[in-house]
Amino acid sequence: MNSTNNQGSKAYLFGIVLVAVLGGLLFGYDTAVISGAEKGLQAFFLGAKDFVYTDTIHGITSSSALLGCIIGSAISGIIATRLGRKLALFIAGVFFFISALGSYYPEFLIHEYGQPSFHLLITFNIYRIIGGIGVGLASAICPMYIAEVAPSNMRGTLVSWNQFAIIFGQLVVYFVNFLILGEHTQPIIEKIGETVYQVHASSDLWTIQTGWRYMFGSEAYVAGIFTFLVCLVPESPRYLAMVGKDTQALKVLSKINGNAKAQEILQNIKETVTVQSEKLFSFGIMVVFIGVMLSVFQQAVGINAVLYYAPRIFESMNMGNPMVQTVIMGIVNIAFTLVAVFTVEKLGRKPLLIWGSIGMAVGALGVALSNLVELPAIFPVVSIMVYSASFMFSWGPICWVLISEIFPNTIRSQAVAIAVAFQWIFNFIVSSTFVPMYNMSMGDMGQRFGHFFAYALYGIICVIAAWFVAKLVPETKGKTLEDMTALWKKRRDA
């Protein structure tokens with residue numbers, strides 16, 4: 001018997017995880033592509049003759065993919081349970097691919113090319129929603145799949161790599177958008193009424209007609225690769241065990257953990273899935289409540305308002321090229337996500353979440369302060385970086401780690417689906433309200449009031465999030481997924 005069968009193969013495990021985290025990369029790519037494209041898209045639809053493209057409509061259009069994310073995450077539990085984790089990821093890849101091509105060419109077979117209209121806007125948003133469904137599926141199932149194949153001593157690190165892939169996908173698309181823009185410039189948009197804008201005559205027409213299309217279409221390459229590679233990975237062994245395919249489950253577990261350990265793991269899995277008809281609240285309300293609130297806080301702290309509108313925010317600070325600053329922020333985000341990857345199994349989940357919340361509060365309140373008093377432009381720029389970096393070593397990866405491992409086996413797919421659906425609901429709320437809130441005016445402060453109010457609100461929520469984690473969230477470091485079943489049974493029966 002070879003050593004691989006005795007000890008398992010880390011190369012095999014890493015290969016599986018690498019394919020799964022490509023879904024995370026697409027998640028990041030799809031949600032952040034709008035940051036470079038949204039201004040060109042706004043200028044394009046401002047040219048429509050049959051309706052007025054307002055701030056509110058632009059906020060909804062920029063966030064429309066999130067409606068799909070809500071749908072995708074809500075149905076992820078049903079799809080993952082009935083069709084399996086692998087097929088669910090394949091379906092997500094197909095949705096990514098269709099959305100990328102449709103967003104690039106929304107006129108296909110229906111509308112006249114390059115002629116903005118209300119009907120074209122609806123068609124474009126439908127394609128973005130399709131992509132959002134793919135994101136919603138991937139956001140729930142990728143970390144679930146990784147958690148179900150990973151050994152307990154590596155689970156936090158491997159699931160954190162999924163968040164690294166999300167942030168890396170965002171960084172990649174920041175670079176891609178920057179390269180696509182090249183020597184072209186973003187359109188100049190002027191406010192001509194309370195909620196009405198127009199494109200300045202000197203604006204770059206290529207950016208308005210073509211640039212944003214290339215940005216959306218570039219995702220099709222990654223989506224195609226992911227969809228193909230998903231066909232090559234095995235089904236989750238815990239899913240196989242839950243549907244009675246013990247032989248196949250043991251085969252996958254043996255390749256990852258070695259024969260002896262695989263037998264032990266399979267036995268533990270079988271002991272926790274003997275009752276497959278358990279209801280969502282079989283382990284009490286608190287486990288579901290904590291999972292949902294982790295998701296709510298991850299979005300309510302406001303991070304995606306920064307990620308989606310980064311160039312616009314940096315432009316308002318009047319300090320250099322906003323696209324360059326967006327790329328720099330992406331690099332900082334990558335670096336601090338790696339902090340979580342390499343410390344989550346040493347420091348635990350709770351300390352990272354608490355310190356990250358505090359760091360985000362400092363950064364957000366720093367930006368708010370800079371809109372109350374005159375400060376050098378570098379102050380709000382650094383504050384934004386602190387805010388973003390603090391999220392990246394805490395709520396970004398650790399929330400996904402906890403959601404993937406905190407729930408008992410028999411309710412995991414249902415509970416993850418609900419938790420992630422709440423995440424996308426609050427993502428949509430934050431993202432669609434950010435532009436109107438950011439642009440609010442009041443008295444002598446003018447639009448600076450909106451800037452102050454938005455970041456002060458996010459800073460306060462960060463403080464509340466730190467308290468929530470300290471008081472209610474259990475530490476899961478070093479525990480097996482089966483240990484979580486015992487923990488919640490004990491809490492329920494106490």
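This is a predicted model: local features need pLDDT of at least 70, side-chain atom pairs count only at pLDDT 80 or more; totals for chains, interfaces and linings use all residues.

Q: How do I read a pattern of positions along a helix?

A: An α-helix has 3.6 residues a turn, so residues three or four places apart point the same way.

Q: What span should the 13 residues of helix H21 have, and what do the end C-alpha atoms give?

A: H21 covers residues 481-493. At 1.5 Å a residue, it should span 18 Å. Its end C-alpha atoms are 19 Å apart, so the two values agree.

Q: How far does helix H10 reach from its first C-alpha to its last?

A: H10 (residues 246-257) has twelve residues and reaches 15 Å. That is close to the 16 Å expected at 1.5 Å a residue. Its buried residues are Ala249, Val252, Leu253, Ser254, Ile256 and Asn257. Just after H10 comes Gly258, with a positive phi of about 95 degrees.

Q: Which residue has a positive phi although it is not a glycine?

A: Leu109, at about 65 degrees. Leu109 sits in the loop between helix H4 (85-104) and H5.

Q: Is Leu109 buried or exposed?

A: Exposed. Its relative accessible area is 76%, and the cut-off for exposed is over 50%.

Q: Now packing. How are two packed helices described?

A: By the angle between their axes and the distance between the axes. Take helix H2 (residues 10-46) and H5: the angle is about 155 degrees and the axes are 9 Å apart. Angles over 145 degrees count as roughly antiparallel, so H2 and H5 are roughly antiparallel to each other. Their crossing is left-handed. By class, the contact of H2 with H5 has 20 nonpolar, six polar and two charged residues.

Q: How do the axes of helix H12 and helix H18 cross?

A: At roughly 165 degrees, with the axes of H12 (residues 285-300) and H18 (residues 395-405) coming within 10 Å. H12 is therefore roughly antiparallel to H18. H12 passes H18 in a left-handed crossing.

Q: Which residues make the contact of H12 and H18?

A: H12 gives Gly291, Leu294, Ser295, Phe297 and Gln298. H18 gives Trp395, Gly396, Cys399, Trp400, Leu402 and Ile403. By class, this contact has seven nonpolar, four polar and no charged residues.

Q: How many residues of H18 are buried?

A: Eleven of its eleven residues, and H18 is mostly covered. The buried residues include Pro397, Ile398, Val401, Ser404 and Glu405.

Q: Let me try single residues. Where is Asn125, and which residues does Asn125 touch?

A: Asn125 lies in helix H5. Leaving out residues up to four places away in sequence, Asn125 touches Thr61 and Ser64. Its relative accessible area is 13%. Buried means under 20%, so Asn125 is buried.

Q: And where is the place of Ala150?

A: In the loop between helix H5 (118-149) and helix H6 (155-181). Ala150 counts as buried, at 5% relative accessibility. Beyond residues up to four places away in sequence, Ala150 touches Leu13, Arg155 and Leu158.

Q: How far apart are the C-alpha atoms of Ala150 and Leu253?

A: They are separated by 9.3 Å. Along the chain, Ala150 and Leu253 are 103 residues apart. Leu253 is one of the buried residues of H10.

Methods: Residues are numbered from 1 along each chain as its sequence is written. Side-chain values use heavy atoms; hydrogens and water are left out. Helices (H or I, at least four residues) and strands (E, at least two) are DSSP runs, numbered from the N terminus. Buried means under 20% relative accessible area, exposed over 50%, partly exposed in between (1.4 Å probe, protein chains only). Contact means heavy atoms within 4.5 Å. Axes are lines fitted to C-alpha atoms, for helices over the stretch in contact, and angles run from 0 to 180 degrees between N-to-C directions. Angles under 35 degrees count as roughly parallel, over 145 as roughly antiparallel, 65 to 115 as roughly perpendicular and the rest as oblique. A crossing is left-handed if the near helix is turned anticlockwise from the far one by less than a right angle, and right-handed if clockwise. Ala, Val, Leu, Ile, Met, Phe, Trp, Tyr, Cys and Pro count as nonpolar, Asp, Glu, Lys and Arg as charged, and the others, Gly among them, as polar. The expected span of a helix is 1.5 Å times one less than its number of residues.
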